Amino acid sequence: MGTFIGHVYPGLFLFLYGLYQAVVISKAIIFSDSLLYPSSPPRNKGRCARLWKISYGGLLKMATGSLLTVYEVSCIKGGLILMNRELPPRFMYPKEWQHLTMFILLTLNGCVDFMSKNVLPQRCVGLEKGTLVLIIYQLLLLMVSHAKDSEGVELHVHSLLILVVFLLLLVLTAQLWAPNMCHLQLMETFLILMMGSWLMQAGFILYRPVSGYPWQDDDISDIMFVTTFFCWHVMIDASFLLGIYGFSSFWYHCYSPSLKLTRPKEAPYYASTPGPLYKLLQEVEQSEKEDQALLLAKCST
């Protein structure tokens, strides 16, 4: 029961978070808005404006990670101990400790997002992206070792999940240099949806089969249908993305044709004010152009 919930609940959270990200990206594409500093409606003032800027994604990560951490610890009878008292001592509950580490990483990621957006005097996007990349990197290492104790259907299910996490890590790493690129944000959202939906599917395949009978590790048909289900998830999640964007675009063009958003006051991620060295280089370049013009005039005469 605990392992089933350990797959389904995190998967449900990731799927809902991916849907939220899809709505945010659709809004940014339709309104030609910034992905890092989304605009707020012009009528939002005072308390409403402060509520709009709250990092709800960070709060959701902290709440979900904390609840899953408490649940994972409470599921073990006698407590989640690290080592037994035998000689030589051996580590206990390795998979549960890995689950606990993943949930703690999710909570820490939510804390960083909330602090960057609502506590620090200026939002630090580099801190958010760098922390997320580091956490996904640790998640990939944990999942690779997590799958070594499995075989057959379970190994194939985890291998497909590892593939999604690896692709997500590549996309997030690329975002360190291009954080406001829409294509990378769409790929990140799609992969988060894939992680969430496939985690939920993994819980039902491994612990709650719909047929009521466990999947057979030595049956090649079961292995093949795991891959088929994964491909179906790819198509369904892509359809969710397309549907959210289509509905948002239809709603905007049909019901809110005169809606305008105000631009944020925050500086762009890579924006910087020209310093004295930059001005000096401009002056030198201008003088060189004037000298070249004089030389050309003398040569023509």
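Residues count as buried under 20% relative accessible area, as exposed over 50%, and as partly exposed in between (1.4 Å probe, protein chains only). The structure is a predicted model, in which local features need pLDDT of at least 70, side-chain atom pairs count only at pLDDT 80 or more, and totals for chains, interfaces and linings use all residues. Residues are numbered from 1 along each chain as its sequence is written, and side-chain values use heavy atoms, with hydrogens and water left out.

The protein chain holds nine helices and zero strands. Helices (H or I, at least four residues) and strands (E, at least two) are DSSP runs, numbered from the N terminus. The order of elements from the N terminus is α-α-α-α-α-α-α-α-α. Of the 301 residues in the protein chain, 38% are buried.

Two helix pairs were examined. Axes are lines fitted to C-alpha atoms, for helices over the stretch in contact, and angles run from 0 to 180 degrees between N-to-C directions. The axes of α3 and α4 come within 7 Å, crossing at roughly 155°. Helix α3 is therefore roughly antiparallel to α4. Angles under 35 degrees count as roughly parallel, over 145 as roughly antiparallel, 65 to 115 as roughly perpendicular, and the rest as oblique. The crossing of α3 and α4 is left-handed. A crossing has this hand if the near helix is turned anticlockwise from the far one by less than a right angle, and is right-handed if clockwise. For α5 (residues 125-146) and α6, the axes come within 9 Å and cross at roughly 160°. Helix α5 is thus roughly antiparallel to α6. This crossing of α5 and α6 is also left-handed.

Tyr93 lies in the loop between α3 and α4. Its phi is near 50°, a positive value in a residue other than glycine. Tyr93 has a relative accessibility of 26% and so counts as partly exposed.

Salt bridges were assigned where a side-chain nitrogen of Lys or Arg lies within 4 Å of a carboxyl oxygen of Asp or Glu. The count by this rule is three. Asp113 pairs with Lys61, with the closest N and O atoms 2.9 Å apart. Asp113 belongs to helix α4 (residues 94-118) and Lys61 to helix α3 (residues 56-75), so this pair links distant parts of the chain, 52 residues apart. Both Asp113 and Lys61 are buried. Glu154 and Lys95 form a salt bridge at 3.4 Å, N to O. Glu154 is in helix α6 and Lys95 in helix α4, so the pair ties together parts 59 residues apart in sequence. Lys95 is partly exposed, at 24% relative accessibility. A further salt bridge joins the side chains of Glu128 and Arg123 (2.9 Å, N to O). Glu128 is buried, with a relative accessibility of 8%.

A nonpolar patch on the surface consists of Leu163, Phe166, Leu167 and Leu170. Together these residues have about 340 Å² of accessible area. Accessible areas come from the Shrake-Rupley method with a 1.4 Å probe, and for residues only the protein chains shown count as cover. Patches are made of residues with over 30% relative accessible area and no salt bridge; like charges are joined within 9 Å, and nonpolar side chains (Val, Leu, Ile, Met, Phe, Trp, Tyr) within 5 Å. Leu167 sits in helix α6 (residues 152-175). With a relative accessible area of 37%, Leu167 is partly exposed.
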